[in-house]
Amino acid sequence: MALVCALRYNRKLMGLGYSAGQTSEHATLHFDTHHASRPYANVLRISLLLIILLAWALRLVGLDRQDIWWDEARNIDVALRPFLQVAIAPELDIHPPVYFWLLHGWGRINGLVMGMEPAQMALVTRLLSAMAGVAGVALLYQLAWRCSPTGQARWAGVMAATIGAFSPFWLAESQETRMYTVGIALLLAASVALVAAWQRVEMRAEREPGNIRGPLICFVLLSALALLTHYNALFIVMAWYLGWAVWASLQPQRRRLWMAMLVCGLATVILVAPIAPIAMRQIPVYDNPNLTVPTIMGYLTENWQAYWGGYAFSAIPGQGWASTWLWGCVVLVGGGALLAWQAAAYKTPLAFLLLWVFGGLALYYVAVLDRGAFNVRYSSFITPALYALVGVALTAWSRLWKPLAVVGMAIALALWPQAIYADLYDDRFAREDIAGVTAWLRQHAGSDAVIFVDQKYPFGFYYERYAIDPAALPTGREPAPARYLFVDINTIDQRLQAWASAAAEVYWVQWFESDTDPRRAVAFLLDQAGDRGGEENFQGYSIDWWQLTPPNEFVLAPNLMPLTVAFAPAVQTVAASLPPGLVTRGGNVPVVIQWQRQPGGEVSRPLKARVALYSADGSRVSQRDERLLNDRHLLPAEWGPEDRPLNVYLLDVPEDALPGEFTIGLLVYDADTLEPLGVVDGAGNPAGVEAMIGAVEVVESEP
């Protein structure tokens with residue numbers, strides 16, 4: 001309803017030809033095409049209609065070609081729940097509910113149910129994103145037109161709409177069941193309403209006072225909906241209000257405008273307040289200290305490459321030329337923006353776009369520094385202003401020579417066909433091949449096998465005999481049951497004992513972005529219980545499998561005994577589990593170590609522990625290097641005093657190892673510089689860089 005309200009006001013204002021190049025004293029109401037011929041006006045209308053139709057057609061190409069992937073499957077699963085349960089779904093770990101409500105309603109209209117053919121489900125759910133993407137293209141025309149200071153405002157709108165229609169980045173986001181195109185469309189509609197209100201204020205010098213209440217009501221409703229669609233819309237709305245405060249300060253009726261700003265802000269807060277309890281549950285815990293925060297230059301470069309070159313930019317042949325083109329476009333747009341700025345007697349709309357782009361990027365970067373979570377799509381809500389700014393800048397080149405705008409557009413979009421083709425058809429940029437994974441498992445996993453999957457989604461969309469709930473029994477047509485395996489290293493051996501003690505084969509399916517088992521506890525237990533059968537790789541997934549001889553027994557740390565070895569000033573061991581008996585050549589030595597932060601110590605760097613096996617002559621015959629992580633998968637710098645995490649190390653004994661006693665050494669070092677920390681004794685004195693923590697007897701074969 002809010003979007004319809006905004007479009008109603010936009011339609012009323014479609015004929016306003018207020019140019020940002022005019023001063024407020026000379027602003028008048030007229031049609032952009034009033035002084036132009038009717039054929040010229042028709043060309044503009046036909047051009048815009050053609051662009052919108054092409055945008056729609058392009059977004060339908062291969063819409064169901066790629067498999068449903070994790071985010072999409074989670075969104076579909078949540079949207080299929082009863083309406084009142086959507087907002088409180090635990091799966092909404094970092095998202096507000098509006099998009100999921102829209103998807104819920106869209107699914108009801110189109111008969112979406114769990115159990116549909118995955119390709120049909122993908123088509124139905126992605127159509128919502130495609131429609132929002134096309135709406136964004138139409139609204140982008142409005143934004144660029146209103147913000148253009150060139151005297152050719154409508155052509156700037158057409159330029160911007162063309163960019164939005166064929167942007168590889170927007171195309172990719174329009175073909176996924178996610179909320180980004182919906183959020184972008186809502187922000188665009190809100191921005192058009194806000195700029196329309198500002199322009200009405202500027203027109204008051206020679207006209208009767210304009211009514212800004214309607215546009216501002218639309219602005220409040222639409223910006224609130226954007227905030228309820230994705231939390232990162234907050235960075236854009238904050239930038240807008242900052243610009244509003246500065247702009248209002250420069251107007252004669254500043255007090256009234258400040259009051260309008262405060263009322264709009266308060267109304268927006270009231271509208272989003274109902275989700276405050278959900279947001280407070282989600283936002284404070286959403287961080288990842290293990291990620292490396294990009295530099296400012298790296299941050300800007302990654303964003304520009306994605307927003308202008310697309311996700312498949314690396315597929316463009318001749319990366320040297322492609323990079324030159326990418327940065328050449330920066331120069332092209334920068335030069336056009338300077339021309340537009342110089343031509344603008346009224347600079348507020350252009351300043352609005354610049355504030356939206358750079359203010360939004362700056363505010364999001366502050367969040368990156370605080371949370372350590374960065375992905376180009378998270379800051380993609382600046383792309384509407386970016387594309388509008390590019391449209392305005394390219395049009396401004398026509399001030400020097402009319403054909404320059406077309407030439408600039410041709411240069412700026414020169415490599416987009418290759419990026420679009422790669423995004424649509426290049427399998428290297430297909431997100432995942434879960435259909436291939438499940439087809440392979442149907443062919444190879446028999447009734448005496450069990451399949452474990454490290455992610456809840458989207459395995460069950462393609463494999464019927466699958467259970468996410470630990471208490472549920474997998475049922476379906478396939479011979480082998482499959483389960484979602486949440487890896488808690490403290491109980492993982494009990495899970496495997498309950499579900500795989502009678503299995504002759506175990507298949508372990510892992511997602512390429514998974515952090516479910518970074519300490520490799522599952523492989524640690526299965527390597528001891530059986531023999532590795534092999535590994536199969538798919539786009540986005542890997543399958544490892546083991547052959548076992550049941551009954552199987554899984555125990556992670558059967559001989560955990562106190563052991564204190566201090567690596568000053570960072571960490572120390574608490575206990576260790578070492579094999580008590582004989583070990584055969586070609587076998588393995590399982591080592592489990594319990595760690596803690598050293599009391600009173602300091603650590604700010606990522607650390608690794610090396611557990612090594614030494615022969616009698618001191619030769620290192622085997623080693624395992626693993627990051628030190630706690631149960632939340634955080635590095636030692638983030639550990640609390642109560643953390644006592646277990647880390648596992650499986651040492652291979654060479655087939656040609658001579659029988660005899662082998663010692664086990666432990667060393668901790670900086671994961672970046674490789675510099676060892678060093679061991680200290682009970683008195684705090686240096687005791688070398690490596691501690692010998694045990695020994696095992698290697699024999700030719702078991703007695």
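## Cis peptide bonds

Pro569 lies in the loop between β8 (566-567) and β9 (571-577); helices (H or I, at least four residues) and strands (E, at least two) are DSSP runs, numbered from the N terminus. The peptide bond from Ala568 to Pro569 is cis, with omega near 0°. A cis peptide bond also joins Tyr457 and Pro458, where omega is about -5°. Pro458 is placed in the loop between β1 (449-453) and α21 (459-462).

This is a predicted model, in which local features need pLDDT of at least 70 and side-chain atom pairs count only at pLDDT 80 or more, while totals for chains, interfaces and linings use all residues. Residues are numbered from 1 along each chain as its sequence is written, and side-chain values use heavy atoms, with hydrogens and water left out.

## Positive phi angles

Most residues other than glycine have a negative phi, and most peptide bonds are trans. Arg520, which is not a glycine, has a positive phi of about 60°. Arg520 sits in the loop between β4 (505-511) and α23 (521-529) and counts as partly exposed because its relative accessibility is 46%. Buried means under 20% relative accessible area, exposed over 50%, and partly exposed in between (1.4 Å probe, protein chains only).

His633 has a positive phi near 65° and belongs to the loop between β13 (620-627) and β14 (646-652). At 15% relative accessibility, His633 counts as buried.

Helix α11 (residues 233-249) has 17 residues and should span 24 Å at 1.5 Å a residue; its end C-alpha atoms are 25 Å apart, which agrees. The expected span is 1.5 Å times one less than the number of residues. Buried residues of α11 include Phe235, Trp240, Tyr241 and Trp247. The buried residues of α11 pack against α9 (180-202), α10 (213-227), α12 (254-272) and α16 (348-371), contact meaning heavy atoms within 4.5 Å.

The axes of α9 and α11 come within 12 Å and cross at roughly 5°. Therefore α9 is roughly parallel to α11, a term for angles under 35 degrees. Axes are lines fitted to C-alpha atoms, for helices over the stretch in contact, and angles run from 0 to 180 degrees between N-to-C directions. Among the contacting residues are Leu187, Leu194 and Trp198 of α9 and Ile236, Trp240 and Trp244 of α11.

## Asn303 in helix α14

Asn303 is part of helix α14 (residues 296-309) and, at 2% relative accessibility, counts as buried. Leaving aside residues up to four places away in sequence, Asn303 touches Leu361, Phe374, Val376 and Ser379.

Technical notes: Angles under 35 degrees count as roughly parallel, over 145 as roughly antiparallel, 65 to 115 as roughly perpendicular and the rest as oblique.
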